Amino acid sequence: MKLTIIGTGYVGLVTGTCFAEAGHHVICVDKDAEKVKMLKAGGMPIYEPGLEELVKKNVAAGRLSFTSSTDEGVANSDVIFIAVPTPAHADGSVDLSFIESVSREIAGAMTAYKIVVDKSTVPVKTGEKVAETIKRYCKAKVDFDVVSNPEFLREGFAVDDFMKPDRVVIGVTSQRPVKAMQEVYAPYKAPIIVTDINSAELIKHAANSFLALKISYINAISILCERSGANVQEVANGMGMDVRIGRKFLDASLGFGGSCFPKDLSAFIQISETLGYDFNLLKEVQRINADQMDRFVKKILETLWVLKGKKLGVLGLAFKQNTDDVRMSPAIDLCQRLQKEGAALRVYDPQAMEKAKAVLKNVTYVEDMNAVAEGCDALIIATEWPEFKKLDLEKARKALTHPILFDGRNLFDPAEMEKLGFLYKSIGRGKA
Ligand code: UDX
């Protein structure tokens, strides 16, 4: 099929590339001419495992191209996907100005029937607004259908998630676009749910808020574990074996971050308010998340007492493993709090150092994870990169002025760490 994707961010670029990989002909549109130039020259604006190879392969095969012209994209495709950012306003509500302007641009370029698919995360009832806008600005007065098709991609695993989705959600107002949408997704052999647009839009916010709730739930349990001497990983394993619960997203941590969960939670609370419902449960999810970071900083302060004049090593800057994304990263938040307390920082991340440099100043960026501990008073793990499990602990112990390790991601075994001579403090495992 001939598809156009508007927006080449994490979602748009992965979506376009994975559609091309499945055999569709895809045009990716971005109004940022520099980005388009970079992509045309074989450069990658983001790090996402497996993506670069797929972009190269599909460009070479003639199935994937880039342009900054929406008109070109609309003219040459049957289905147009909107994958532009939906950032948050200061009050947490969603800024839909990109969705609105792209809807107008599509409307202005349409000369025949098109299916306009919203992939960006939007408040329920946005599809209705998109349809109204297209109708208003469509000069040719042609038929069109608006479809909601939310993305469920995790950064760091986005290509895999796209190729093997648990489900594909398609929200429609008529049967006309259903066949084409089923064809678009046929190569992935995933269950396809066809529903109304409002339900499709709600599914996205409801799912992400539920996942955030799951993390806050286990983080609250981690407090009880610390107070009782239990182990949160054992509790999560025991809970997770109940198939109704599942083990995923039950890893206690210094809190969730990223460009989705915090934003989607705030948005969903706002959306609920607009609909006349006070979603207190989700406010508590936010509170537990903020509290988890406070407790971790407190743990560091209680152990090291005064941070002024002390040097700390921090492993991890990305908001989670497998990504270079530092937006709303708990690791960056932690670093900034430690700096405020007067600590000097030596930091390392396998992928996120370049992006971190724009937001985290006055720290020493170290190129080798095994060199971070050099001369530090303690080492801190802030992101769950699997390679941190291979840290040379013996070297770190000798390099630290005192062998203290704060683990915000529970990567090591407390008993082993004690045996190695570390004062080791993690999340929800034994008395903290
Ligand atoms: C999320 C959703 O998973 C995805 O379906 C959606 O469409 C976009 O938002 P993403 O933000 O890329 O994806 O990351 P995810 O893997 O969900 O992790 C989010 C945050 O939660 C990270 O900071 C991660 O470290 C944290 N997390 C995750 C935990 O603290 N514990 C867990 O058990 C799982």
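Predicted model: local features only at pLDDT ≥ 70, side-chain atom pairs only at ≥ 80, totals over all residues.
Residues are numbered from 1 along each chain as its sequence is written, and side-chain values use heavy atoms, with hydrogens and water left out.

The domain assignment, which is automatic or from a database, gives domain 1 (2–190) and domain 2 (210–425). Contact (heavy atoms within 4.5 Å) takes 19 residues from domain 1 and 18 residues from domain 2. The C-alpha centres of the two domains lie 33 Å apart.

## Area and a salt bridge

How much area is buried between domain 1 and domain 2? About 1500 Å², with carbon and sulfur atoms giving 54%; this is the accessible area (1.4 Å probe) that the two parts lose on being put together, summed over both. On the domain 1 side, Tyr-10, Tyr-47 and Glu-155 lose the most area to domain 2, together 37% of what that side buries.

The interface also holds 1 salt bridge, meaning a side-chain nitrogen of Lys or Arg within 4 Å of a carboxyl oxygen of Asp or Glu. Glu-155 forms a salt bridge with Arg-327, and their closest N and O atoms are 3.5 Å apart.

## The two sides of helix α3

Now for helix α3 (residues 51–60), where Leu-51, Leu-54, Val-55 and Asn-58 are buried, that is, under 20% relative accessible area with a 1.4 Å probe, protein chains only. These residues lie on the same side of α3 because they cover an arc of only 100° around the axis, taken from the directions from the helix axis to the C-beta atoms. They pack against α1 (10–21), β3 (64–67) and α7 (158–163); helices (H or I, at least four residues) and strands (E, at least two) are DSSP runs, numbered from the N terminus.

On the other side of α3, Glu-53 and Ala-60 are exposed, which takes over 50% relative accessible area. After α3 comes Gly-62, with a positive phi near 80°.

## A buried serine in a loop

Ser-77 sits in the loop between α4 (70–75) and β4 (79–82). Ser-77 counts as buried because its relative accessibility is 2%. Leaving aside residues up to four places away in sequence, Ser-77 touches Lys-2, Leu-3, Thr-4, Ile-27 and Lys-114. Its side chain reaches the backbone oxygen of Leu-3 at 3.4 Å.

Notes
Polar contact = N/O pair within 3.5 Å; in protein donor to acceptor, adjacent residues only side chain to side chain.
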